[in-house]
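Student: I would like to go through this model term by term and ask, for each label, what value stands behind it. Could we keep the cut-offs in view as we go?

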Amino acid sequence: MATTPLHLSFLLLCLSFLIKSQAKHVPALYIFGDSLVDSGNNNEQKTLAKADYAPYGIDYVVGTTGRFTNGFTIADYFSESLNLQQLPPFLDHTNIIERSSAGYNFASASAGILPETGTTAGKNLNLRMQVGFFRRIVSTILKSRFKTPGRMSRHLSRSIFLVSIGSNDYAVNYLVPQFYNSSRMYNPEQFAQLLVNELGNHLQEMYGLGGRKFVVFEVGPIGCLPAIALKRAGPKTPCVEEINDAVSIFNAKLALKINQLSSTLRNSTFVLVKNFNFMHDMVKNPSRYGFKDSRNPCCIVSEVNGACIPDKTPCNDRDGHVFWDAVHPSSAANRIIANEIFNGTSLSTPMNVRKLINAHKL
(Lines give C-alpha, C1' and ligand atoms only; values in the text may rest on other atoms or scores of the structure.)
Protein backbone atom coordinates (compact mmCIF):
# COMPACT_ATOMS: atom_id res chain seq x y z
CA MET A 1 0.00 0.00 0.00
CA ALA A 2 1.38 3.41 -0.96
CA THR A 3 2.14 5.87 1.80
CA THR A 4 -0.27 8.81 1.66
CA PRO A 5 0.39 12.27 3.13
CA LEU A 6 -2.06 11.37 5.92
CA HIS A 7 -0.13 8.19 6.73
CA LEU A 8 3.14 10.11 6.62
CA SER A 9 1.81 12.77 8.99
CA PHE A 10 0.64 10.10 11.40
CA LEU A 11 4.04 8.38 11.31
CA LEU A 12 5.85 11.67 11.94
CA LEU A 13 3.50 12.41 14.83
CA CYS A 14 4.20 9.00 16.40
CA LEU A 15 7.92 9.52 15.93
CA SER A 16 7.78 12.93 17.61
CA PHE A 17 5.95 11.43 20.60
CA LEU A 18 8.57 8.66 20.82
CA ILE A 19 11.45 11.14 20.71
CA LYS A 20 9.76 13.35 23.30
CA SER A 21 9.16 10.38 25.62
CA GLN A 22 12.84 9.45 25.39
CA ALA A 23 14.15 12.99 25.87
CA LYS A 24 16.35 13.64 28.87
CA HIS A 25 14.49 15.24 31.77
CA VAL A 26 17.69 16.95 32.95
CA PRO A 27 21.02 17.50 31.19
CA ALA A 28 23.04 15.28 33.53
CA LEU A 29 23.26 13.45 36.84
CA TYR A 30 26.29 13.81 39.13
CA ILE A 31 26.61 11.14 41.81
CA PHE A 32 28.62 11.43 45.02
CA GLY A 33 28.57 8.77 47.70
CA ASP A 34 29.53 5.32 48.91
CA SER A 35 28.77 1.70 48.01
CA LEU A 36 25.01 2.32 47.99
CA VAL A 37 25.45 4.18 44.68
CA ASP A 38 28.93 3.09 43.51
CA SER A 39 28.98 1.69 39.98
CA GLY A 40 32.51 0.26 40.14
CA ASN A 41 35.00 2.98 41.10
CA ASN A 42 36.71 0.59 43.52
CA ASN A 43 37.36 -2.11 40.92
CA GLU A 44 40.92 -0.97 40.28
CA GLN A 45 41.61 0.32 43.80
CA LYS A 46 43.78 -1.51 46.31
CA THR A 47 40.96 -2.27 48.73
CA LEU A 48 38.91 -5.10 50.15
CA ALA A 49 35.74 -3.11 49.46
CA LYS A 50 34.95 -4.45 46.00
CA ALA A 51 32.01 -6.04 44.24
CA ASP A 52 33.70 -6.98 40.98
CA TYR A 53 32.86 -10.67 41.20
CA ALA A 54 29.85 -12.97 41.03
CA PRO A 55 27.21 -13.18 42.34
CA TYR A 56 27.15 -9.34 42.40
CA GLY A 57 25.35 -8.13 39.29
CA ILE A 58 23.55 -11.42 38.71
CA ASP A 59 20.45 -9.50 37.60
CA TYR A 60 22.25 -6.55 35.97
CA VAL A 61 22.01 -6.39 32.19
CA VAL A 62 25.76 -6.92 31.64
CA GLY A 63 26.47 -8.90 34.79
CA THR A 64 29.13 -7.98 37.34
CA THR A 65 30.22 -4.33 37.19
CA GLY A 66 31.26 -3.40 40.73
CA ARG A 67 27.77 -2.49 41.92
CA PHE A 68 27.06 -3.72 45.45
CA THR A 69 23.74 -5.35 44.67
CA ASN A 70 22.20 -7.97 42.41
CA GLY A 71 20.88 -5.47 39.87
CA PHE A 72 20.27 -1.72 39.94
CA THR A 73 21.39 0.72 42.61
CA ILE A 74 19.19 3.66 43.58
CA ALA A 75 21.36 5.84 41.33
CA ASP A 76 20.71 3.49 38.39
CA TYR A 77 16.96 3.84 38.90
CA PHE A 78 17.42 7.62 39.01
CA SER A 79 19.21 7.53 35.65
CA GLU A 80 16.44 5.38 34.19
CA SER A 81 13.69 7.70 35.45
CA LEU A 82 15.56 10.72 34.10
CA ASN A 83 15.97 9.04 30.68
CA LEU A 84 19.75 9.16 31.06
CA GLN A 85 22.20 6.39 30.23
CA GLN A 86 23.52 4.31 33.11
CA LEU A 87 26.58 6.10 34.47
CA PRO A 88 29.75 4.01 34.55
CA PRO A 89 32.32 4.68 37.27
CA PHE A 90 34.34 7.87 36.90
CA LEU A 91 37.60 5.94 37.19
CA ASP A 92 36.70 3.93 34.09
CA HIS A 93 38.30 6.35 31.67
CA THR A 94 36.84 4.71 28.56
CA ASN A 95 35.25 7.46 26.45
CA ILE A 96 35.34 9.80 29.44
CA ILE A 97 34.86 12.91 27.29
CA GLU A 98 31.92 11.50 25.31
CA ARG A 99 30.29 10.38 28.59
CA SER A 100 30.23 13.95 29.91
CA SER A 101 26.81 14.58 28.34
CA ALA A 102 25.04 12.34 30.89
CA GLY A 103 27.11 13.10 34.01
CA TYR A 104 29.54 11.17 36.17
CA ASN A 105 29.46 8.74 39.07
CA PHE A 106 32.19 9.51 41.61
CA ALA A 107 30.84 7.25 44.40
CA SER A 108 33.23 4.85 46.09
CA ALA A 109 32.60 1.89 48.38
CA SER A 110 33.83 2.32 52.00
CA ALA A 111 34.12 6.09 51.46
CA GLY A 112 32.87 8.58 53.99
CA ILE A 113 32.49 12.26 54.67
CA LEU A 114 35.71 12.12 56.68
CA PRO A 115 38.90 11.34 54.72
CA GLU A 116 40.04 8.58 57.07
CA THR A 117 36.77 6.64 57.00
CA GLY A 118 37.00 3.17 55.46
CA THR A 119 40.74 3.28 54.90
CA THR A 120 41.35 0.17 57.04
CA ALA A 121 39.97 -1.77 54.05
CA GLY A 122 42.27 0.05 51.65
CA LYS A 123 41.98 3.01 49.31
CA ASN A 124 38.72 4.75 48.47
CA LEU A 125 37.54 8.04 47.03
CA ASN A 126 36.43 10.02 50.07
CA LEU A 127 33.98 12.87 49.58
CA ARG A 128 36.72 15.49 49.41
CA MET A 129 38.37 13.54 46.58
CA GLN A 130 35.06 13.06 44.77
CA VAL A 131 34.34 16.79 44.80
CA GLY A 132 37.92 17.40 43.68
CA PHE A 133 37.39 15.13 40.66
CA PHE A 134 34.19 17.01 39.86
CA ARG A 135 36.07 20.31 40.05
CA ARG A 136 38.59 18.93 37.55
CA ILE A 137 35.78 17.83 35.21
CA VAL A 138 34.24 21.30 35.32
CA SER A 139 37.51 23.09 34.61
CA THR A 140 38.55 20.80 31.76
CA ILE A 141 35.98 18.62 29.99
CA LEU A 142 32.87 20.72 30.61
CA LYS A 143 34.70 23.99 29.93
CA SER A 144 35.89 22.62 26.60
CA ARG A 145 32.52 21.16 25.70
CA PHE A 146 30.33 24.19 26.37
CA LYS A 147 32.71 26.90 25.10
CA THR A 148 31.02 29.75 27.02
CA PRO A 149 30.49 30.16 30.79
CA GLY A 150 26.79 30.79 30.22
CA ARG A 151 26.19 27.49 28.47
CA MET A 152 28.09 25.54 31.11
CA SER A 153 26.21 27.37 33.86
CA ARG A 154 22.85 26.44 32.32
CA HIS A 155 23.96 22.80 32.02
CA LEU A 156 25.05 22.54 35.64
CA SER A 157 22.13 24.50 37.08
CA ARG A 158 19.62 22.16 35.45
CA SER A 159 21.49 18.97 36.32
CA ILE A 160 20.86 16.95 39.49
CA PHE A 161 23.48 16.31 42.15
CA LEU A 162 22.81 13.13 44.11
CA VAL A 163 24.65 12.82 47.43
CA SER A 164 24.39 9.61 49.45
CA ILE A 165 27.16 9.33 52.03
CA GLY A 166 27.74 9.12 55.78
CA SER A 167 26.87 5.52 56.65
CA ASN A 168 30.50 4.45 56.65
CA ASP A 169 31.47 7.27 58.98
CA TYR A 170 29.47 5.34 61.55
CA ALA A 171 29.69 1.71 60.43
CA VAL A 172 33.42 1.59 59.70
CA ASN A 173 34.67 4.51 61.78
CA TYR A 174 32.75 5.65 64.86
CA LEU A 175 31.44 2.17 65.71
CA VAL A 176 34.77 0.35 65.40
CA PRO A 177 36.96 1.80 68.20
CA GLN A 178 39.51 -0.96 67.63
CA PHE A 179 40.46 0.82 64.38
CA TYR A 180 39.45 4.46 64.91
CA ASN A 181 39.56 6.75 67.93
CA SER A 182 36.65 8.99 66.83
CA SER A 183 34.32 7.57 69.51
CA ARG A 184 36.90 8.47 72.15
CA MET A 185 37.38 11.98 70.77
CA TYR A 186 33.70 12.88 70.25
CA ASN A 187 30.39 12.06 71.89
CA PRO A 188 27.53 11.23 69.47
CA GLU A 189 26.34 14.84 69.38
CA GLN A 190 29.78 16.20 68.60
CA PHE A 191 30.54 13.58 65.99
CA ALA A 192 27.25 14.21 64.17
CA GLN A 193 27.97 17.94 64.11
CA LEU A 194 31.46 17.31 62.75
CA LEU A 195 30.04 15.25 59.91
CA VAL A 196 27.26 17.69 59.08
CA ASN A 197 29.64 20.66 59.03
CA GLU A 198 32.01 18.83 56.71
CA LEU A 199 29.20 17.67 54.42
CA GLY A 200 27.77 21.18 54.34
CA ASN A 201 31.13 22.57 53.23
CA HIS A 202 31.28 20.11 50.35
CA LEU A 203 27.71 20.91 49.28
CA GLN A 204 28.60 24.60 49.23
CA GLU A 205 31.64 23.77 47.10
CA MET A 206 29.42 21.91 44.61
CA TYR A 207 27.15 24.96 44.55
CA GLY A 208 30.15 27.19 43.89
CA LEU A 209 31.05 24.99 40.92
CA GLY A 210 27.58 25.43 39.43
CA GLY A 211 25.28 22.90 41.10
CA ARG A 212 21.78 24.15 41.96
CA LYS A 213 19.62 21.04 42.34
CA PHE A 214 20.63 18.65 45.11
CA VAL A 215 19.18 15.37 46.35
CA VAL A 216 20.79 14.61 49.72
CA PHE A 217 20.15 11.35 51.57
CA GLU A 218 19.91 10.82 55.30
CA VAL A 219 22.02 8.06 56.77
CA GLY A 220 19.83 4.97 56.90
CA PRO A 221 19.11 2.79 59.94
CA ILE A 222 22.45 0.99 59.96
CA GLY A 223 21.48 -0.70 63.21
CA CYS A 224 19.07 -2.75 61.07
CA LEU A 225 21.68 -4.05 58.65
CA PRO A 226 22.03 -7.83 58.90
CA ALA A 227 25.79 -7.41 59.39
CA ILE A 228 25.06 -5.52 62.60
CA ALA A 229 21.63 -6.69 63.74
CA LEU A 230 22.24 -10.43 63.45
CA LYS A 231 25.44 -10.15 65.48
CA ARG A 232 24.38 -7.68 68.15
CA ALA A 233 20.61 -7.94 68.43
CA GLY A 234 20.00 -11.65 67.99
CA PRO A 235 17.62 -13.55 65.73
CA LYS A 236 14.37 -12.09 67.10
CA THR A 237 15.29 -8.40 67.30
CA PRO A 238 15.39 -6.71 63.88
CA CYS A 239 17.50 -3.67 64.81
CA VAL A 240 20.07 -2.34 67.26
CA GLU A 241 18.28 0.84 68.21
CA GLU A 242 21.20 2.24 70.21
CA ILE A 243 23.13 2.55 66.95
CA ASN A 244 20.11 3.96 65.14
CA ASP A 245 19.74 6.59 67.86
CA ALA A 246 23.27 7.85 67.16
CA VAL A 247 22.51 8.04 63.43
CA SER A 248 19.28 9.91 64.16
CA ILE A 249 21.29 12.70 65.76
CA PHE A 250 23.15 13.15 62.49
CA ASN A 251 19.92 13.13 60.48
CA ALA A 252 18.33 15.80 62.67
CA LYS A 253 21.35 18.04 62.26
CA LEU A 254 21.45 17.34 58.53
CA ALA A 255 17.87 18.60 58.17
CA LEU A 256 18.87 21.87 59.85
CA LYS A 257 21.90 22.21 57.59
CA ILE A 258 19.84 21.59 54.45
CA ASN A 259 17.35 24.24 55.52
CA GLN A 260 20.19 26.67 56.14
CA LEU A 261 21.77 26.05 52.74
CA SER A 262 18.40 26.34 51.00
CA SER A 263 17.82 29.75 52.51
CA THR A 264 21.31 31.15 51.93
CA LEU A 265 22.41 29.77 48.54
CA ARG A 266 20.59 31.75 45.85
CA ASN A 267 18.51 29.77 43.33
CA SER A 268 19.40 26.48 44.99
CA THR A 269 16.92 23.69 45.66
CA PHE A 270 17.77 20.97 48.16
CA VAL A 271 15.68 17.83 48.43
CA LEU A 272 16.27 15.89 51.65
CA VAL A 273 15.61 12.17 51.29
CA LYS A 274 14.29 10.96 54.64
CA ASN A 275 15.17 7.34 54.05
CA PHE A 276 15.86 6.46 57.70
CA ASN A 277 12.22 5.97 58.76
CA PHE A 278 11.25 4.51 55.38
CA MET A 279 13.95 1.83 55.50
CA HIS A 280 13.35 1.20 59.20
CA ASP A 281 9.71 0.47 58.47
CA MET A 282 10.65 -1.73 55.51
CA VAL A 283 12.78 -3.88 57.81
CA LYS A 284 10.13 -4.13 60.53
CA ASN A 285 7.16 -4.56 58.19
CA PRO A 286 8.50 -6.19 55.02
CA SER A 287 5.17 -7.56 53.81
CA ARG A 288 3.86 -3.99 53.56
CA TYR A 289 6.34 -3.51 50.71
CA GLY A 290 5.97 -6.93 49.12
CA PHE A 291 8.96 -8.60 50.79
CA LYS A 292 9.13 -11.92 52.60
CA ASP A 293 12.50 -11.53 54.33
CA SER A 294 14.04 -8.40 55.84
CA ARG A 295 16.45 -10.09 58.23
CA ASN A 296 18.66 -12.29 56.11
CA PRO A 297 20.82 -11.47 53.10
CA CYS A 298 20.04 -13.19 49.82
CA CYS A 299 23.62 -14.14 49.01
CA ILE A 300 25.90 -16.23 51.21
CA VAL A 301 28.02 -13.69 53.08
CA SER A 302 31.36 -13.48 54.78
CA GLU A 303 31.18 -13.16 58.55
CA VAL A 304 34.09 -10.72 58.38
CA ASN A 305 32.61 -7.91 56.29
CA GLY A 306 29.10 -9.00 55.29
CA ALA A 307 29.95 -9.14 51.58
CA CYS A 308 28.89 -11.96 49.27
CA ILE A 309 31.30 -14.89 49.15
CA PRO A 310 32.63 -15.16 45.58
CA ASP A 311 30.81 -17.50 43.20
CA LYS A 312 28.39 -18.88 45.80
CA THR A 313 24.86 -19.31 44.48
CA PRO A 314 22.46 -16.74 46.02
CA CYS A 315 18.81 -17.25 46.91
CA ASN A 316 16.28 -17.71 44.13
CA ASP A 317 13.73 -15.27 45.55
CA ARG A 318 15.85 -12.14 45.18
CA ASP A 319 12.83 -9.87 44.82
CA GLY A 320 11.53 -11.21 48.14
CA HIS A 321 14.55 -10.00 50.12
CA VAL A 322 15.12 -6.48 51.43
CA PHE A 323 18.87 -7.13 51.63
CA TRP A 324 21.12 -8.52 48.93
CA ASP A 325 24.20 -8.97 51.12
CA ALA A 326 24.53 -8.17 54.83
CA VAL A 327 25.01 -4.45 54.18
CA HIS A 328 23.30 -3.43 50.93
CA PRO A 329 19.67 -3.47 49.77
CA SER A 330 18.49 -5.71 46.99
CA SER A 331 17.69 -4.26 43.61
CA ALA A 332 13.99 -4.71 44.44
CA ALA A 333 14.34 -2.59 47.58
CA ASN A 334 16.32 0.02 45.66
CA ARG A 335 13.55 0.22 43.07
CA ILE A 336 10.88 0.91 45.69
CA ILE A 337 12.99 3.57 47.41
CA ALA A 338 13.98 5.28 44.15
CA ASN A 339 10.40 5.32 42.85
CA GLU A 340 9.16 6.92 46.06
CA ILE A 341 11.90 9.55 45.92
CA PHE A 342 11.11 10.31 42.31
CA ASN A 343 7.32 10.20 42.32
CA GLY A 344 6.06 9.90 45.90
CA THR A 345 5.22 12.25 48.74
CA SER A 346 6.42 10.44 51.87
CA LEU A 347 10.17 10.20 51.38
CA SER A 348 11.42 13.51 49.99
CA THR A 349 11.03 17.00 51.37
CA PRO A 350 10.06 19.65 50.36
CA MET A 351 9.33 17.98 47.01
CA ASN A 352 9.96 14.83 45.04
CA VAL A 353 12.50 14.63 42.23
CA ARG A 354 9.87 14.93 39.51
CA LYS A 355 9.02 18.40 40.85
CA LEU A 356 12.70 19.20 41.39
CA ILE A 357 13.28 18.80 37.66
CA ASN A 358 11.17 21.87 36.99
CA ALA A 359 12.40 23.96 39.92
CA HIS A 360 14.25 27.21 39.17
CA LYS A 361 14.61 26.69 35.44
CA LEU A 362 17.13 29.27 34.28
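Tutor: Let us begin with contact, which means heavy atoms within 4.5 Å. The model is a predicted one, and by that contact criterion Leu127, Arg128, Val131 and Arg135 of helix 3 meet Glu198, Leu199, His202, Glu205 and Met206 of helix 7. Sorted by class, the residues of this contact are 4 nonpolar, 1 polar and 4 charged.

Student: Why are helix 3 and helix 7 called roughly parallel?

Tutor: Two packed helices are described by the angle between their axes and the distance between the axes. For helix 3 (residues 127-146) and helix 7 (residues 188-208), the axes come within 11 Å and cross at roughly 5°. Angles under 35 degrees count as roughly parallel, and the two helices are therefore given that description.

Student: What makes the pair of Phe90 and Phe106 tilted?

Tutor: Rings pair if their centres lie within 6.5 Å, and planes under 30 degrees apart count as stacked, over 60 as edge-to-face and the rest as tilted. The ring centres of Phe90 and Phe106 are 5.0 Å apart and the planes stand at 45°, so the pair falls in the tilted class. Phe90 is in the loop between helix 2 (74-81) and strand 2 (103-105), and Phe106 is in the loop between strand 2 and helix 3, so that the pair links distant parts of the chain, 16 residues apart.

Student: How do you know that Phe90 and Phe106 are buried?

Tutor: Buried means under 20% relative accessible area. Phe90 has 4% and is therefore buried, and Phe106, at 0%, counts as buried too.

Student: Why is the pair of Tyr170 and Tyr174 called edge-to-face?

Tutor: The centres of the Tyr170 and Tyr174 rings are 6.1 Å apart, with 75° between the planes, and planes over 60 degrees apart count as edge-to-face. Both tyrosines lie in helix 5 (residues 167-174), 4 residues apart, which is about one turn of the helix, and both are buried.

Student: How many aromatic pairs does the structure hold, and which residues form one cluster with Phe90 and Phe106?

Tutor: There are 26 aromatic pairs in the structure. Phe90 and Phe106 belong to one aromatic cluster, whose members also include Tyr30, Phe32, Tyr104, Phe133, Phe134, Phe161, Phe214 and Phe270.

Student: How do you know that the charged end of Arg212 sits over the ring of Tyr207?

Tutor: The distance part of the criterion asks for CZ of Arg within 6 Å of the ring centre, and the direction part asks for a position within 35 degrees of the ring normal. The charged end of Arg212 is 3.8 Å from the centre of the Tyr207 ring and is assigned as sitting over that ring.

Student: What makes helix 10 largely enclosed by the rest of the structure?

Tutor: In helix 10 (residues 275-284), 8 of the 10 residues are buried, so the helix is described as largely enclosed. The buried residues are Asn275, Phe276, Phe278, Met279, His280, Asp281, Met282 and Val283. What covers them includes strand 4 (213-217), helix 9 (241-264), strand 5 (269-273) and helix 11 (331-343).

Student: Why is Lys46 called exposed, and why is Lys50 called partly exposed?

Tutor: Exposed means over 50% relative accessible area, and partly exposed lies between that and the 20% limit for buried. Lys46 has 71% and is therefore exposed, whereas Lys50, with 21%, is therefore partly exposed. Lys46 is in the loop between strand 1 and helix 2, and Lys50 is placed in the loop between strand 1 (29-33) and helix 2. Not counting residues up to four places away in sequence, Lys46 touches Ala121, Gly122 and Lys123; with the neighbours within four places set aside, Lys50 is in contact with Asn42, Asn43, Gln45 and Phe68.

Student: What is said of phi in Asn267 and in Asp311?

Tutor: Phi of Asn267 is near 65°, a positive value in a residue other than glycine, and phi of Asp311 is likewise near 65°. Asn267 lies in the loop between helix 9 and strand 5 and, at 27% relative accessibility, counts as partly exposed. Asp311 lies in the loop between helix 10 and helix 11 and, with a relative accessible area of 62%, is exposed.

Terms used:
Residues are numbered from 1 along each chain as its sequence is written. This is a predicted model: local features need pLDDT of at least 70, side-chain atom pairs count only at pLDDT 80 or more; totals for chains, interfaces and linings use all residues. Side-chain values use heavy atoms; hydrogens and water are left out. Axes are lines fitted to C-alpha atoms, for helices over the stretch in contact, and angles run from 0 to 180 degrees between N-to-C directions. Angles under 35 degrees count as roughly parallel, over 145 as roughly antiparallel, 65 to 115 as roughly perpendicular and the rest as oblique. Ala, Val, Leu, Ile, Met, Phe, Trp, Tyr, Cys and Pro count as nonpolar, Asp, Glu, Lys and Arg as charged, and the others, Gly among them, as polar. Rings of Phe, Tyr and Trp (its six-membered ring) pair if their centres lie within 6.5 Å; planes under 30 degrees apart count as stacked, over 60 as edge-to-face and the rest as tilted. Buried means under 20% relative accessible area, exposed over 50%, partly exposed in between (1.4 Å probe, protein chains only).
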